[in-house]
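Please study the structure before reading on.

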Amino acid sequence: MNFWENITKPIIGLSPMDGITDGSFRFITAKHGQPDVVFTEFVNAETVFFAPQTLMKDLTYSEVERPVVAQIYGHTPEVFYRIAHIVSALGFDGLDINMGCPAKKVAAKGSGAALILNPALAQAIIRAARQGIRDWFEGQNLGDLKFDPEMIEKIRLANRLRTGLEETPARRLIPVSIKTRIGYDRVVVSEWTQSLLEEKPSIISLHGRTLTQKYTGTADWDAIALAVRTAKNSGTLILGNGDLRDMKDVCRRVGETEVDGVLLGRSAQGNPWIFRTKDQIKQTPCLTGTASFHHAPVSLEERFKVILEHSRHFEKQWGIPGFVGMRKHLAWYCRGFERAAELRSQMVRVNSAAEVADRLNNYATSSGQTFHDRPLAFGGIA
Ligand SMILES: Cc1cc2nc3c(=O)[nH]c(=O)nc-3n(C[C@H](O)[C@H](O)[C@H](O)COP(=O)(O)O)c2cc1C
């Protein structure tokens, strides 16, 4: 079952970001923004062998996120074969293979964007992942592959905790997708896309930078347009990615390049609402690039409620010791309103959701409580 085909184009999804798009961030974004699709942070395929506990934490998700895709990185086809079983057994809607990460610890081992230099291995990885999904679909069990019984039990438990049901998710032939860049140290998007297309992935998501560019310069959307032309009539959809600040940018790039969709990364940080106008784009011909989007501003009250909801979710998932990981999100939320900098400087020092509530209430009390011409109803923030 290929869920990608059921999404009205252009597809507008949340891009995977390590250290950011964890279960809490995805939950909040799915609930308050409703992107068409979300991806987990990238997960190292090898953890299936040496750190099953970490693996299960990284692959925890909630039903509201659907469709939700597990993103995996690695460089060994056999490991992808095995992890494809786990991703399937956990009920994910898709498996995405990371072929775009530029980080040294990833690329130096031949994973992530280093695979651009090794198209034969990239193809073998896609085939192995797809075979794993197919074998699972046709009835193979984790026990048949000699998975640790403890791991099998963890998967059963994760499914039960998420769905409240005892049954394992229905066996499905989930789609395989690739997220990559336009080259290693120079743009080779046409050859690289052509090589990936031979394995017929459902989606190729392209960040318009090379590995050596990392995040510098600007995303090359001409290269993305070239990939769209290369993939025309292949059955594989192309998603463009890089430097999209808002839905106006999305509309312009979709119009210019005819991509099947886009992924938004950094512009969704502290801004789950960015996806709210996505349905207007789907009804608007994006060719002129002049479309305007009607989006009621996010009230301060709503912003604060979401900040607190996110903080509580995060604390539940990572505990008080892990709460420092929430501070960057809090800083991102505190932008674009009166005295935001002052609140931000307090938020980067909090240690718990209770402290977040305290700072928000202090802000409301000291601010005269009128924003957007009406009083803030902060009685609810406790
Ligand atoms: C902090 C951070 C972490 C990222 N982690 C991942 C990752 O785990 N997997 C991945 O495919 N891309 C990752 N990316 C790349 C983004 O998905 C995206 O391709 C890139 O940020 C460009 O899109 P943007 O301009 O909309 O942010 C990461 C980017 C950032 C900034």
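Q: What do the domain bounds used here come from?
A: Domain bounds come from an automatic or database domain assignment. In this predicted model, the assignment divides the protein into domain 1 (3-282) and domain 2 (300-380). The C-alpha centres of domain 1 and domain 2 lie 31 Å apart. The contact between them takes 17 residues from domain 1 and 14 residues from domain 2.

Q: How is the size of an interface often given, and what is the area buried between domain 1 and domain 2?
A: The accessible area lost when the parts come together is often used to give the size of an interface. Between domain 1 and domain 2 the buried area is about 1,500 Å². Carbon and sulfur atoms give 57% of that area.

Q: What makes the pair Lys31 and Glu309 a salt bridge?
A: The rule requires a side-chain nitrogen of Lys or Arg within 4 Å of a carboxyl oxygen of Asp or Glu. Across the interface of domain 1 and domain 2, the rule finds 2 salt bridges. A further rule finds 11 residue pairs in polar contact across this interface. On the side of domain 1 that touches domain 2, helix H1 (residues 23-32) gives the most, with 7 residues. By class, that side of domain 1 has 6 nonpolar, 7 polar and 4 charged residues.

Q: Why is the pair Asp36 and Lys278 said to tie together parts that are 242 residues apart in sequence?
A: The side chains of Asp36 and Lys278 meet in a salt bridge, with an N to O distance of 3.4 Å. Asp36 lies in the loop between H1 and strand S2 (38-39), whereas Lys278 lies in helix H11 (residues 278-282), so the pair ties together those parts.

Q: Why are Asp36 and Lys278 called buried?
A: The term applies to residues under 20% relative accessible area. Asp36 has 11% relative accessibility and therefore counts as buried. Lys278, at 9%, also counts as buried.

Q: What other salt bridge does Asp36 form?
A: Asp36 forms a salt bridge with Lys282, in which the closest N and O atoms are 2.6 Å apart. Lys282 lies in helix H11, so this pair ties together parts that are 246 residues apart in sequence. Both Asp36 and Lys282 are buried.

Q: Why is Glu342 called partly exposed?
A: Glu342 has a relative accessible area of 38%, so it is partly exposed. Arg339, at 29% relative accessibility, likewise counts as partly exposed. The side chains of Glu342 and Arg339 meet in a salt bridge (3.1 Å, N to O).

Q: Why is helix H9 described as largely enclosed by the rest of the structure?
A: Of the 11 residues of helix H9 (residues 221-231), 8 are buried, so the helix is largely enclosed. Among these buried residues are Trp221, Ile224 and Val228. What covers the buried residues of H9 includes strand S6 (176-183), helix H8 (189-197) and helix H10 (247-257).

Q: How do you know that Asp220 caps the N-terminal end of H9?
A: A side-chain oxygen of Asp220 lies 3.0 Å from the backbone nitrogen of Asp222. A polar contact requires N or O atoms within 3.5 Å, and the distance of 3.0 Å falls within that cut-off. After H9 comes Asn233, whose phi is positive, near 60°.

Conventions. Residues are numbered from 1 along each chain as its sequence is written. This is a predicted model: local features need pLDDT of at least 70, side-chain atom pairs count only at pLDDT 80 or more; totals for chains, interfaces and linings use all residues. Side-chain values use heavy atoms; hydrogens and water are left out. Buried means under 20% relative accessible area, exposed over 50%, partly exposed in between (1.4 Å probe, protein chains only). Helices (H or I, at least four residues) and strands (E, at least two) are DSSP runs, numbered from the N terminus. Contact means heavy atoms within 4.5 Å. A polar contact is a pair of N or O atoms within 3.5 Å; within protein, one must be able to donate a hydrogen and the other to accept it, and residues adjacent in sequence count only if both atoms are side-chain atoms. Buried area is the accessible area (1.4 Å probe) that two parts lose on being put together, summed over both. Ala, Val, Leu, Ile, Met, Phe, Trp, Tyr, Cys and Pro count as nonpolar, Asp, Glu, Lys and Arg as charged, and the others, Gly among them, as polar.
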